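Student: Hi, could you go through this one with me? I'd like to start with the strands.

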Amino acid sequence: MRIIVLGSAAGGGFPQWNCGCEACALFWQGDPRVRARTQSSVAVSASGEKWLLLNCSPDVRLQILQTRALHPQGTKRGSPIEGVFLTNGDIDHVAGLLSLRESQPFVIFGTTAVLAEIGRNQIFAAVDESIVPRKRVELDRPVVMADGLTIEPFTVAGKVPLYRESDAPETKGEWQSTIGLKISKGETQFYYIPGCADIDPALRARLKNAPLVLFDGTLWQDDEMIRQGIGSKTGRRMGHVSMSGPEGSIAGLGDLGIQRKVFIHINNSNPVLIDGTPERRQAEAAGWEIAYDGMEIEL
Ligand code: MLT
Ligand code: MN
Ligand code: ZN
């Protein structure tokens, strides 16, 4: 199984277009300790020929340009991309579908809740359903892809997309609005969980001894956007568990025997984006890697 990180940043990417936070400012100054990252998405393939995208970010066109395996392979019209599997309806995970609207057949997979977001937003009608069918998936029911990958969706704590929020949205709801994916080929498997609001016992049990987990790395600290003066929301309010602290992902996923742990969906405010920071060193010392665009993993 081949895995390519197409995008490693959270919504807005890194640097964010209008941001002068510490990490973004380093980028604008040309500092070599930071590198640009597009919004989170992963491509996975059993054969190396047909590819499944896990989410479809607003940067998908650039991501395809940067990834040879996803280029059209010699036909007048065609693409190695066979499908897109959505983990929620967030803008950074679905808006790229609009860039794939050129009468090219592929399949969009999502839960009832996530497909409903796409269905409600009329602009997605441009991704013609008669050419690009939308397949509803059920939680805990594995979906078998043509080239031998099996994808099992499961619920994780999360919230509805930003554009659907009420004044006080439930931020740790466990329904179909946010899912994680277990991707397997034969005995090989990994987990893709780019958004998660809580490390609960069910999730810990599921991830025990996993060979590889790509996990929500949005924030280092719950209130870092407030501390840095660039926002008013905490990570919890956004539906993301932070890396640090007793309830954080480093602690919560630390003692489970996971063989390889990679943070993805990293927000521009997160100090792990800067080479050599104490936070980066702390994450690495705890066995975590920080995903970057173009990172390839063979399982
Ligand atoms: C998130 O991950 O919380 C969302 O992508 C935020 C957003 O839509 O800007
Ligand atoms: Mn996001
Ligand atoms: Zn920033």
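Student: Okay, which residue in β9 does T155 stand opposite?
Tutor: T155 has I179 of β9 opposite it. Just so you know, this is a predicted model, where local features need pLDDT of at least 70, side-chain atom pairs count only at pLDDT 80 or more, and totals for chains, interfaces and linings use all residues, while side-chain values use heavy atoms, with hydrogens and water left out. Residues are numbered from 1 along each chain as its sequence is written, chains are lettered from A and ligands numbered from 1 in the order in which they are written.

Student: And what is the bridge partner of E152 in β9?
Tutor: For E152, the partner in β9 is K182.

Student: How many bridges join β8 to β9?
Tutor: Six, between β8 (residues 150-155) and β9 (residues 179-185), and those two strands run antiparallel. A strand here is a DSSP run of E with at least two residues, numbered from the N terminus, and two strands pair if DSSP finds at least two bridges between them.

Student: What about β7 and β8, how many bridges there?
Tutor: Two, and they run antiparallel. In that pair, V144 stands opposite T150 of β8. The hairpin has five residues between the strands, and G148 takes a positive phi near 105°.

Student: What order do the strands of the sheet come in?
Tutor: The order is β7-β8-β9-β10-β11-β12-β13, in an open sheet of seven strands with mixed pairing. β7 (143-144) and β13 (288-290) are at the edges with a single partner strand each, so one side of each has no neighbour in the sheet.

Student: New topic! Which residues are around ligand 1?
Tutor: You'll find D90, D92, L162, M238, H240 and H265 there (each has a heavy atom within 4 Å of the ligand).

Student: How far is D92 from an oxygen atom of ligand 1?
Tutor: A polar side-chain atom of D92 lies 2.9 Å from a ligand oxygen. For D90 that distance is 3.5 Å, and for H240 it is 2.8 Å.

Student: How much of ligand 1 does the protein bury?
Tutor: Ligand 1 exposes 260 Å² when taken alone, and the protein buries 78% of that (areas come from the Shrake-Rupley method with a 1.4 Å probe).

How values were computed:
Polar contact = N/O pair within 3.5 Å; in protein donor to acceptor, adjacent residues only side chain to side chain. Helix = DSSP H or I, 4+ residues; strand = E, 2+ residues; numbered from the N terminus.
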